[in-house]
Amino acid sequence: LGSDLLLGADDGRLAMPLPVADTGAAQLLVPGDRVDVLAAVPAVAGADVTVAAQDVTVLRTPTAPATGPGVLGAGSPPAAGAPSGATIISSATGAGTIVVAVTPAEASALVAGASDGSLWVAVRPRT
């Protein structure tokens, strides 16, 4: 993914691909949306749901090209004057995969949630 998705971010956030269980919901998102990520972990009687990350920014969705400084859309040739290391994001990611900006701690919680169960997103209202 490269660091280009996060140009201008100065808070140590990482760009992380996130396989969302509801592919239809993932395709309704647009870059810039803010979401909470919920992890549904199988339990003895149903599933336990926990909030793995709150108020994270969507950087890339399955149906929208990446946005931001230094980011080129899928299949785009490098533009003249593009910054070194400009990222071309492939559309080969899964139908429900989004890319979000997370802290290292949130990334760890998301990996734990994804390995034990499935991840879901709840969209926050736009302000």
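Which residues does D33 touch, not counting residues up to four places away in sequence? Hold that thought for a second. This is a predicted model, where local features need pLDDT of at least 70, side-chain atom pairs count only at pLDDT 80 or more, and totals for chains, interfaces and linings use all residues. Residues are numbered from 1 along each chain as its sequence is written, and side-chain values use heavy atoms, with hydrogens and water left out.

Okay, back to D33. The answer is V56, T57, V58 and R126, where contact means heavy atoms within 4.5 Å. D33 sits in the loop between helix 1 (23-28) and strand 2 (34-43); helices (H or I, at least four residues) and strands (E, at least two) are DSSP runs, numbered from the N terminus. D33 counts as buried because its relative accessibility is 6%. Buried is under 20% relative accessible area, exposed is over 50%, and partly exposed is in between, with a 1.4 Å probe and protein chains only. The side chain of D33 also reaches the backbone nitrogen of V30 at 3.0 Å.

Now, helix 2, residues 104-116. Its buried residues are E106, A107, L110 and G113. They cover an arc of only 125° around the axis, so they lie on the same side of helix 2; that arc is taken from the directions from the helix axis to the C-beta atoms. The face turned away from the buried side carries the exposed residues A105, S108 and S115.

And what does L110 touch, again leaving out residues up to four places away in sequence? That would be M16, L18, V37, A52, A53, V102 and L119.

Terms used
Polar contact = N/O pair within 3.5 Å; in protein donor to acceptor, adjacent residues only side chain to side chain.
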